[in-house]
Amino acid sequence: QSMNAQYADLCKTIFLGMRYRVKDYTETEKGRYEVEVEITPVDIFETYLPKLAEESERLLAKAQNGEYEGSQEEINTQLQQEFAYTAYNLLESSYLNMTHKDKETVILSVSEEENGSYSIPEDDIWNFVIKILVLDGIQG
């Protein structure tokens, strides 16, 4: 299985394992709702990103110390492959060792479309992802 496929599978697993539930909703106008979603954030990226930065420095030092051999293109390929492998393993480890934080409530705006389906604005979806993965604490 390719590294891209492994990453895709791991990300899918991470998102499928997130804990959330609809608490309540209010119809704000016909076909438009404010939905309260209770989430349980996780610390995957709070632990992953510092470890990734540390490993990036280590790999860069290896390259600067001449620990990779071959042409510049071959060295870059070796470095990229090792980085991808390391990044994947760190993400997987962070997922397997994640801890859940205190529950929070996120409000999503939901609209009923003419065809009967429902939609959520992209900003609301991003806010949901940022909150459940605690990305707001690491955005800088």
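Predicted model: local features only at pLDDT ≥ 70, side-chain atom pairs only at ≥ 80, totals over all residues.
1. **The core.** The largest nonpolar core holds 27 residues. Ile14, Met18, Ile44 and Leu133 touch the most other members. Six elements are listed as giving two or more residues to this core: H1, S2, helix H2 (44-64), helix H3 (72-96), S3 and H4. H3 gives the most, with five residues.

2. **Ile44.** Take Ile44, one of the residues that touch the most other core members. Which residues does Ile44 contact, leaving aside its neighbours within four places in sequence? They are Ile14, Met18, Leu91, Ser94, Tyr95 and Met98. Ile14 and Met18 are also among the residues with the most core partners.

3. **Thr86.** Thr86 lies in helix H3. Is Thr86 buried or exposed? Its relative accessible area is 12%, under the 20% limit, so Thr86 is buried. Beyond its neighbours within four places in sequence, Thr86 is in contact with Glu55, Arg58 and Leu59.

4. **Helix H4.** H4 spans residues 122-132. Its buried residues are Asp124, Phe128, Val129, Ile130 and Ile132. Just after H4, Val134 takes a positive phi of about 55°.

5. **Tyr20 and Phe128.** The structure holds four aromatic pairs. One of them joins Tyr20 and Phe128 edge-to-face, at 5.4 Å centre to centre and 90° between the planes. Tyr20 lies in strand S1 and Phe128 in helix H4, so this pair ties together parts that are 108 residues apart in sequence. Phe128 is buried, with a relative accessible area of 15%.

6. **Tyr25 and Tyr33.** Another aromatic pair is formed by Tyr25 and Tyr33. What is its geometry? The pair is edge-to-face, with 5.8 Å centre to centre and 75° between the planes. Tyr25 is exposed, with a relative accessible area of 52%. Tyr33 counts as buried, at 17% relative accessibility.

7. **Where the points meet.** H4 gives two or more residues to the core. Phe128 is one of the buried residues of H4, and Phe128 also pairs with Tyr20.

Note on methods
Residues numbered from 1 in each chain as written. Heavy atoms only, no water. Buried < 20%, exposed > 50% of the residue type's maximum accessible area, 1.4 Å probe, protein only. Helix = DSSP H or I, 4+ residues; strand = E, 2+ residues; numbered from the N terminus. Core = buried A, V, L, I, M, F, W, Y, C linked by side-chain atoms within 4.5 Å. Contact = heavy atoms within 4.5 Å. Phe/Tyr/Trp six-rings, centres within 6.5 Å; stacked < 30°, edge-to-face > 60°.
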